[in-house]
Amino acid sequence: MTVTVAAAERLIRIGEVARGAGVSVRAVRYYEQQGLLVAERSPSGQRLYRQDAIALVRFFQQMYAAGLTSRRIAELLPCWDAGHTDADQRAMLRAERERLQAKIDDLQAALDHLDEVIAITDTHP
């Protein structure tokens with residue numbers, strides 16, 4: 001799709017998205033290939049993104065870091081876009097939250113053990 005840039009919404013190029021989100025240009029292209037991000041095209045064929053693409057890419061990064069797959073993230077996008085969910089989406093969101101909480105609990109337990117080891121070794125130079 002070729003687009004004429006409206007004055008009300010300035011579209012940004014792929015490098016601006018990547019810099020703003022702290023990722024590589026390749027990562028932005030990957031998100032587009034996965035159907036997570038939509039690029040429009042300038043008359044010369046350059047990828048152009050809405051300014052909210054930076055926030056979306058940051059969201060994708062957080063979800064990947066939390067262990068979600070591209071497919072699961074794609075399932076979350078309608079919730080992000082619309083601001084409401086159906087029963088199946090809410091169940092999926094709750095299941096992901098429970099999975100993340102379990103991961104956080106495990107990490108907290110590991111952190112607590114490390115703190116114990118540090119406390120013990122601090123008393124023995």
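Me: Which exposed residues does the face of α2 turned away from its buried side carry?
Reply: In this predicted model, helix α2 runs over residues 25-33. Exposed here means a relative accessible area over 50%. On the face of α2 turned away from the buried side, the residues that count as exposed are R26 and Q33.

Me: Which residues of α2 are buried, and over what arc around the axis do they lie?
Reply: The buried residues of α2 are A27, V28, Y31 and E32. They sit on the same side of the helix, because the arc they cover around the axis is only 145°. An α-helix has 3.6 residues a turn, so residues three or four places apart point the same way.

Me: Is A27 buried or exposed, and at what relative accessible area?
Reply: A27 belongs to helix α2. The cut-off for buried is under 20% relative accessible area. A27 therefore counts as buried, its relative accessible area being 17%.

Me: Against which elements do the buried residues of α2 pack?
Reply: Packing is judged here by contact, with heavy atoms within 4.5 Å. The buried residues in question are A27, V28, Y31 and E32. Their partners are α1 (14-21), β2 (40-41), β3 (47-49) and α3 (53-65).

Me: Which residue with a positive phi follows α2?
Reply: Helix α2 covers residues 25-33. The residue that follows has a phi near 80°, and that residue is G35.

Me: How are the rings of Y30 and Y31 arranged, edge-to-face or stacked?
Reply: A search of the whole structure gives four aromatic pairs. In the pair of Y30 and Y31, the ring centres are 6.0 Å apart and the planes stand at 65°. Planes over 60 degrees apart meet the cut-off, so this pair is edge-to-face.

Me: What is the angle between the ring planes of Y31 and Y64?
Reply: Y31 is buried at 2% relative accessibility, while Y64 is partly exposed at 25%. Their rings form a stacked pair with a centre to centre distance of 5.8 Å, and the angle between the planes is 15°.

Me: How many residues apart in sequence are the parts that the pair of Y31 and Y64 ties together?
Reply: Y31 lies in helix α2 and Y64 in helix α3. The pair therefore ties together parts whose separation in sequence is 33 residues.

Me: Which residues do ring pairs link into a cluster?
Reply: Y30, partly exposed at 35% relative accessible area, is one of the members. Y31, buried at 2%, is another. The cluster linked by ring pairs consists of Y30, Y31, F59, F60 and Y64.

Me: Which residues lie nearest the centre of the largest pocket?
Reply: The largest pocket has a volume of about 260 Å³. Its lining has nine nonpolar, one polar and four charged residues. Of the 14 lining residues, those nearest the centre are L37, V38, R50, D52 and L56.

Me: Which residues does E96 touch, not counting residues up to four places away in sequence?
Reply: E96 lies in helix α5, residues 87-122. E96 is buried, with a relative accessible area of 12%. Leaving out residues up to four places away in sequence, E96 touches L68 and R72.

Note on methods: Residues numbered from 1 in each chain as written. Predicted model: local features only at pLDDT ≥ 70, side-chain atom pairs only at ≥ 80, totals over all residues. Heavy atoms only, no water. Helix = DSSP H or I, 4+ residues; strand = E, 2+ residues; numbered from the N terminus. Buried < 20%, exposed > 50% of the residue type's maximum accessible area, 1.4 Å probe, protein only. Arc of directions from axis to C-beta. Phe/Tyr/Trp six-rings, centres within 6.5 Å; stacked < 30°, edge-to-face > 60°. 1 Å grid on protein atoms, 1.4 Å probe; cavity = no way out; pocket = protein on both sides within 12 Å on 5 of 7 lines; lining within 4 Å. Points joined across faces, edges and corners; volume = space filled by probe spheres on them. Nonpolar A, V, L, I, M, F, W, Y, C, P; charged D, E, K, R; others polar.
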